[in-house]
Amino acid sequence: MSEQSGSSSTEHERTELPIERGFPIERVNEIAAKEGRAKMYYRPIYTMHKWWARRLGCVFRAISLYTLLDDPEKVEVFEPGQDNETLADWGDETQTDIASLMDRVDMSDPESLWELYPKDVRVEDKKILDPFMGGGTSLVEASRFGAEVVGNDLNPVAWFVTKKELEAGQTDVEELEAAFEQVKEDVADEITQYYKTTCPNGDHEADVMYNFWVKELDCVSCGHTVPLFKDYRVAKGRYENDDKYNVLCPDCESVFLVDDWRSECSCTDCGYTFTPSEGNGGHGSYSCDECGQKYKIIDAIQEQGGFRTRLYALEYYCGECDDAGGSRSDVKGYKRVEKSDLERFEQAKEAWQSADDLTEYVPDTEIPRGAVTATSKNLDYDGHDVFDHGYELWSDMFNERQLYSLALLLRRIDEIPDQNIKEYLLLAVSDSLMFQNTYTIYNLSANKIEGIFKSNGFAPQLDFVENNVWGTEYGRGTFKNTWEKLVRGVSYSSDPTERYVENGESIETDPFSKKIGGDVTLTQGDLRTTDFDKDFDAVITDPPYYDNIIYSELSNFFYVWQQPLLETVYPCFEPDQTPRAESIVTNPAEGKDASDFEREIRESLEKIHGLLKEDGVLAFTYHHSDSESWGELLEGLCDAGFQISAAYPVSADLQRFTQDESVSFDIIVVARPVDETEAASWNSLRRDIYRTARRTRRQLEGNRELSRGDIGVMEMGACFREYSKHHGKVQRDGEIMSAKEVVQEIYGIIQEASDIGVEDVFIDLLDSNNPSFDDVNKLCRGTNATPEELKEMCLYNQDDGFELGTWDNEKRQAYIQERTNGDSDDHLSNLDKLQFLRYRYEKGQAVQNFVDKWGVDDDLRELAGRLADVTGDETYTRVLGDRDITSY
């Protein structure tokens with residue numbers, strides 16, 4: 001193996017990779033839009049266990065395809081479903097020349113290599129590293145090409161999840177199912193006996209899908225019991241009653257249907273009159289029905305040493321009614337709690353309290369204080385203080401019936417002799433934990449539960465849903481259906497398929513003969529101190545990004561449950577919690593700020609530089625926001641000895657978790673290690689960058705259907721490539737320019753080369769489906785417009801969710817009105833004028849005097865036509881030309 005330092009030869013001595021010449025973002029985004037909504041069908045391997053901010057598989061498959069193919073002599077292509085048929089056997093000479101497919105990739109037309117996306121492509125002699133592997137997407141996709149993959153992550157949970165993904169292709173599904181059946185035979189009945197209820201449609205039992213609980217406190221003034229209901233809804237009606245709501249009577253506790261839960265109603269059982277929308281808990285305080293006292297909930301919890309919980313409703317499924325052909329409303333529905341339901345819980349509670357032999361499987365460790373748990377400890381983070389709500393131990397997040405059921409499961413799984421099989425069953429229990437805790441809530445309008453990580457933190461609930469731990473015919477997040485989801489992932493790993501989009505339709509290939517996994521090495525630890533052989537052809541990764549997600553704190557939720565079965569097998573599961581101080585992320589709980597993040601990510605890039613071969617490549621996804629973010633990225637890469645080769649915008653996971661609006665969209669960055677950079681004056685470099693920007697824009701606008709924002713990102717990438725040849729040696733007025741200074745200049749150059757302004761960006765936003773701040777930021781890229789300018793003009797606001805400044809938007813109206821007072825309206829833009837006229841027309845006010853005053857030129861008419869086209873509102877054009885319409 002090579003022991004080279006990873007320094008690079010000059011750029012012209014390298015083989016230029018397809019990904020450096022072009023990337024088919026249109027085709028990738030077509031698939032991403034579909035895969036992001038249906039991961040379990042596209043790539044079920046990634047639904048085997050939760051991991052945060054997981055990139056989509058299609059993105060990393062495309063990155064691998066365009067990165068790993070550099071030598072046609074070391075590439076084989078097999079037709080899916082036909083093990084021995086290679087590309088050379090197809091008989092169509094136009095498709096047999098792999099070298100030609102690779103060579104034809106360029107910026108204006110990158111799609112020649114895309115022909116191989118749905119094929120079973122194999123490469124020889126490629127070794128890939130992902131030093132921040134997280135949920136393992138990059139490694140899984142690279143392994144499908146036959147590459148040797150090496151992965152690392154600081155987090156033990158990430159390491160374990162990725163390990164099981166990459167072992168799935170070598171795991172026998174029949175052995176898994178046999179082990180599950182044995183566990184089912186041994187413990188399922190013991191667990192499910194506590195999740196039964198009397199069917200409301202006959203003298204028999206039904207399965208409980210969900211138990212509905214509410215927290216209770218004693219009023220600090222009168223001692224009256226106060227249930228902390230925000231309102232008295234149980235769930236939206238189903239089937240023939242889907243226009244109604246199930247509500248709880250606060251007097252007799254029956255569950256019945258109402259037409260309008262916001263209006264006063266009378267209970268159909270006891271006649272009690274109340275308004276379901278008016279609960280007595282919410283916004284951090286309770287209100288006592290008895291004496292009217294209002295009081296902070298967390299103060300009452302601390303003063304009373306905790307809270308009580310009350311079971312108030314059930315959702316059931318009745319198999320007997322189903323078998324008998326009962327109506328859907330009889331088979332599944334909501335019901336009041338009966339004495340027998342309370343007794344079942346007490347029986348489970350007693351069983352747990354007397355089961356000393358089960359306690360070793362339940363985490364009794366303290367919840368560590370951190371940024372996502374203790375915001376009241378002066379930490380600047382949008383988390384939740386679980387301690388003020390009375391949670392001290394991890395086990396406090398579960399009730400006794402859940403603890404007993406989960407411990408029974410884990411003890412039985414621990415008895416399985418085959419370690420690999422045991423770990424898959426453990427993985428299923430672990431993933432189901434998201435829906436098996438007292439932080440689980442009910443999505444009232446969708447009639448389903450939402451897990452603890454619906455938001456990116458630990459949010460204590462006033463009312464919660466207790467799931468059926470084992471599971472029944474229906475339900476979400478039970479052990480049974482989580483196991484079924486896991487088995488689908490393992491089965492897929494043995495016979496992976498690919499889905500692609502053709503004429504708008506998703507097409508699935510036959511199974512590939514290459515299983516997922518193979519030549520795999522995984523390590524757990526800090527990249528900066530971990531030893532690797534210095535011989536990687538490529539590093540393909542999704543690195544940490546500031547404070548986007550503090551994985552170490554969130555993943556403890558899984559870690560403490562996995563630990564009892566893994567701590568004697570894997571050293572990384574011996575500590576009480578996951579590593580936190582070493583995590584590369586800004587974290588106020590650790591006293592780590594943005595400067596710490598920048599230093600640590602630079603150290604990581606320097607390490608990566610030393611691990612690559614001389615002609616190696618770094619390709620990574622990056623969460624991009626603004627010019628400052630670009631500058632930090634460019635400076636960090638160049639300081640670590642890299643030269644940017646290309647940058648592309650691309651869709652990522654549609655369910656991104658961010659702390660604020662600063663993370664706007666994802667890009668792919670490609671970079672190469674370099675030895676030396678060349679000195680240059682800013683004047684000469686500026687000319688090169690200007691020509692590069694214009695040339696790139698002409699290539700893209702003339703040949704591809706890309707948004708202006710997409711083109712702007714690719715322009716930036718091309719300009720960065722020019723700069724990074726000279727990093728640290730660009731002089732202006734006798735001073736060396738920093739990368740951040742150059743980025744600001746590049747922004748200006750690209751905007752100068754563009755005649756696209758605020759009005760163009762706003763019309764693009766109007767034409768976007770569900771526009772967001774992400775779209776504002778992206779569409780402004782490479783234009784004369786900035787997000788700040790649009791915000792200042794009130795063309796969008798985020799005071800109560802994202803909202804465009806259309807003619808009928810109050811803030812936009814106020815902005816325009818302020819500028820039309822008196823005769824000081826010379827500085828009104830054409831968009832201001834047209835929206836002002838549109839508003840007056842709607843109000844029945846005269847507009848012709850303003851039209852006469854301002855005059856109508858070609859630019860105003862052209863903008864009115866564009867607004868009419870994109871909104872379908874012809875009034876924009878009518879107010880400019882038809883006296884019958886515009887005069888009153």
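Predicted model: local features only at pLDDT ≥ 70, side-chain atom pairs only at ≥ 80, totals over all residues.
Q: Which geometry, stacked or edge-to-face, describes the rings of F160 and F573?
A: The ring centres of F160 and F573 are 6.1 Å apart. Their planes meet at 80°, and planes over 60 degrees apart count as edge-to-face. The pair is therefore edge-to-face.

Q: How many residues apart in sequence are the parts that F160 and F573 tie together?
A: F160 belongs to helix α7 (residues 156-167), whereas F573 is placed in the loop between α16 (551-566) and α17 (594-611). The pair therefore ties together parts whose separation in sequence is 413 residues.

Q: Are F160 and F573 buried or exposed?
A: The term buried applies under 20% relative accessible area, and exposed applies over 50%. By this criterion, both F160 and F573 are buried.

Q: What is the arrangement of the rings of Y545 and Y622?
A: The centres of these two rings are separated by 5.6 Å. Y545 is buried, as is Y622. With planes at 75°, the Y545 and Y622 pair is therefore edge-to-face.

Q: In which strand does Y622 lie?
A: The Y545 and Y622 pair links distant parts of the chain, 77 residues apart. Y545 is in the loop between β24 (536-541) and α16. Y622 is in strand β25 (residues 612-624).

Q: Which ring has K215 over its face?
A: Two cases of a charge over a ring can be described. R499 is positioned over the face of Y42, 5.2 Å from the ring centre. For K215, the distance from the ring centre is 4.3 Å, and the ring is that of F307.

Q: Which residue of β30 is the bridge partner of Q731?
A: Strand β29 (residues 730-732) pairs with β30 over 2 bridges, in the antiparallel sense. The bridge partner of Q731 in β30 is I736.

Q: What percentage of residues 166-193 is helix?
A: An unreviewed UniProt entry lists this span as "coiled-coil region". The end C-alpha atoms are 37 Å apart.

Terms used. Residues numbered from 1 in each chain as written. Heavy atoms only, no water. UniProt positions renumbered as here; feature names shortened; annotations may be inferred. Helix = DSSP H or I, 4+ residues; strand = E, 2+ residues; numbered from the N terminus. Phe/Tyr/Trp six-rings, centres within 6.5 Å; stacked < 30°, edge-to-face > 60°. Buried < 20%, exposed > 50% of the residue type's maximum accessible area, 1.4 Å probe, protein only. Lys NZ or Arg CZ within 6 Å of the ring centre and 35° of its normal. Pairing = 2+ DSSP bridges.
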